[in-house]
Amino acid sequence: MMPTSGLPFKGQSWDSGPVRTISARSLALLLGSGPLPRPAYRGLADGIRRLVSDGRLLVGTRLPSERTLTTELGLSRTTVGAALDALRDEGFVATRRGSGSVVCLPAGPSGLALSQAGLIPTDVPPDVIDLTYAALPAAAGVTAAYERALLELPRFLATAGYDPRGLPETRAAVADWFEGRGLSTSPDHVVITSGAHGGLSAVLRSQLDIGDRVLVESPTYPNAIVGVRRSAYRAVPAQLTATGWDVEAIEVGLRQSGARAAYLIPDHQNPTGLVMDAPTRQALAGVLARANTVPVIDETFVELGLEDPDGAARAAPFAASSPAAHTLGSAGKTWWGGLRVGWVRAPRGGAEAVIEARHSLDLGTAILEQLVVTDLLRQGESLLTERRREARSRRDALVTALRQHVPDWRLTVPSGGLNLWCELPEARGDELARVAESAGVRLARGGQFGVEGGFTRWVRVPFCVAPDEADEVGRRLATAWQLALGERPTTREVTPLIA
């Protein structure tokens, strides 16, 4: 074995925050109980690499010692050593004398290295179906809301038009919306922002100092990861399980990292569609309070519960269990992305800090669009019921198409949101994203949803196309998958600038 003594491992810096550890027993459980393919060292190396690519073994995790792995896995020291050597050669493990072996990703444009960009809308050829963003066309009622808003606009034209807090009537409408969900809220709690993304940036800047750590689900919304990093904070991953949030693991992660904020999507999580149940909300709120960590809760998908057309079964807001929570909302997913109106519900006395922080981002939100959102919020469930039915029909049509055309892709039908998180039979997600456009679809790489990359066995497919287009999407994805299976690994960089 040849340790890379004194050198940072490829693709990562040694100074990347607290090093996570995994026990030999936990690693053995992740690898599974079946016999390793022969030769055994290659089977072990492939198994660990697959865990990294799937995002189940996080970058920066210190592996158990060779001696403990030998005992736990029932393998020889030579076999374990050869497997680690192979992983080092491939760039998935680095070893430094005195620090042990640490999981990393290959350096350079390998397709596995972490992208530093999120999902950015770009021009799409007319014959390509864009599946890189999760947003529906405008909801029924948006045009009429604009018409009514235009009648209200003249009374604002004699003013300067800047209001960093937001129009009083819009803040009141948002407060009433929270009240209707059982969370006591006054307009003084609310700041109207330019979308939820602007709200996230303002909240983080109001609460954190440069270099502070932010706990972030993995996988999660890529632009949130980028927003954390480009505001000079450090993202700390909290790995989601197949069923949701591991409260004990998050508590350990907070203790090890000292994260001062936690960005969470408890309602129809993006991209997995998971929903946090009430006991987990309460337990996690307690963990965050004890760690003195500020919860930043993204509720952009909260109104899209597709098995609940009237919205009656929505979980109570996370802030109902966590008085310190800052809650982000948006009109974009619910009604139309073109509105570019979001909001922050701050804790009591916290709105002023958010307003002060947003001055480095913008001076206010467009008045006409605020009036439109006020109108839509005041209409209540009458529009939302139809919106949920529309999204459900799109979901069901695309699920049917995927099961017909790519039956070996595994997915759990989500109860809400706008995304299908699909597990591929092989870790060819980077190749799939690279060749998809030649088959007439554009896809985001699974690795962009991971705080530290990985997820090459996964692809997010938003169900935003019309039901009568779903079968064609399924056909194109099947063609793209066949192309991906025949694609050779390449060192050509995959551009991350996708919508």
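Setting aside neighbours within four places in sequence, leucine 215 is in contact with Val236, Pro237, Ala238, Ile250, Leu254, Ala259, Ala261, Ala262 and Tyr263.

## Overall make-up

The protein has 499 residues, and buried residues make up 57% of them. Its secondary structure consists of 15 helices and 15 strands. Of the contacts with a separation of 6 or more, 78% are between residues 24 or more positions apart. The protein exposes about 20800 Å², and carbon and sulfur atoms supply 52% of this area.

## Confidence of the prediction

The mean pLDDT of the protein is 87, and 89% of the residues reach 70 or more. Over residues 1–17, however, the pLDDT is below 50. Beyond near neighbours in sequence, that stretch has 38 contacts in the model. The pLDDT is also below 50 over residues 490–499, a stretch with 35 contacts beyond near neighbours in sequence.

Helix α4 covers residues 77–90 and has 14 residues. From its first C-alpha to its last, α4 reaches 20 Å, close to the 20 Å expected at 1.5 Å a residue. Its buried residues include Thr79, Val80, Gly81 and Ala83, and Leu84, Ala86, Leu87 and Arg88 are buried in α4 as well. Just after this helix, glycine 91 takes a positive phi of about 90°.

Helix α7 is made of 13 residues, 195–207. The distance from its first C-alpha to its last is 19 Å, close to the 18 Å expected at 1.5 Å a residue. Buried in α7 are Gly195, Ala196, Gly199, Leu200, Ser201, Ala202, Val203, Leu204 and Ser206.

## Glycine 43 in helix α2

Glycine 43 sits in helix α2, residues 40–53. Its relative accessibility is 7%, so glycine 43 counts as buried, the cut-off being under 20%. Leaving aside neighbours within four places in sequence, glycine 43 is in contact with Leu36 and Pro37.

Threonine 79, one of the buried residues of α4, is 36 residues from glycine 43 in sequence. In space, the C-alpha atoms of glycine 43 and threonine 79 are 9.9 Å apart.

## Cis peptide bonds

The peptide bond from serine 218 to proline 219 is cis, with omega near 10°. Proline 219 is placed in the loop between β7 (213–218) and α8 (222–230).

Asparagine 270 and proline 271 are likewise joined by a cis peptide bond, with omega about 20°. The loop that holds proline 271 runs between β9 (261–264) and α10 (278–290).

Alanine 232 is not a glycine, yet it has a positive phi of about 70°. Alanine 232 is found in the loop between α8 and β8 (234–239).

The loop between β11 (326–330) and β12 (342–345) contains arginine 340. At 44% relative accessibility, arginine 340 counts as partly exposed.

## Cysteines

How many disulfides does the structure hold? The structure holds 0 disulfides. Cysteine 104 is buried, with a relative accessible area of 1%. Cysteine 422 also counts as buried, at 0% relative accessibility.

Note on methods:
Residues numbered from 1 in each chain as written. Predicted model: local features only at pLDDT ≥ 70, side-chain atom pairs only at ≥ 80, totals over all residues. Heavy atoms only, no water. Disulfide = S-S within 2.5 Å. Buried < 20%, exposed > 50% of the residue type's maximum accessible area, 1.4 Å probe, protein only. pLDDT = per-residue confidence, 0-100. Contact = heavy atoms within 4.5 Å. Helix = DSSP H or I, 4+ residues; strand = E, 2+ residues; numbered from the N terminus. Expected span 1.5 Å × (residues − 1). Areas by Shrake-Rupley, 256 points an atom, 1.4 Å probe, with all protein chains shown as cover.
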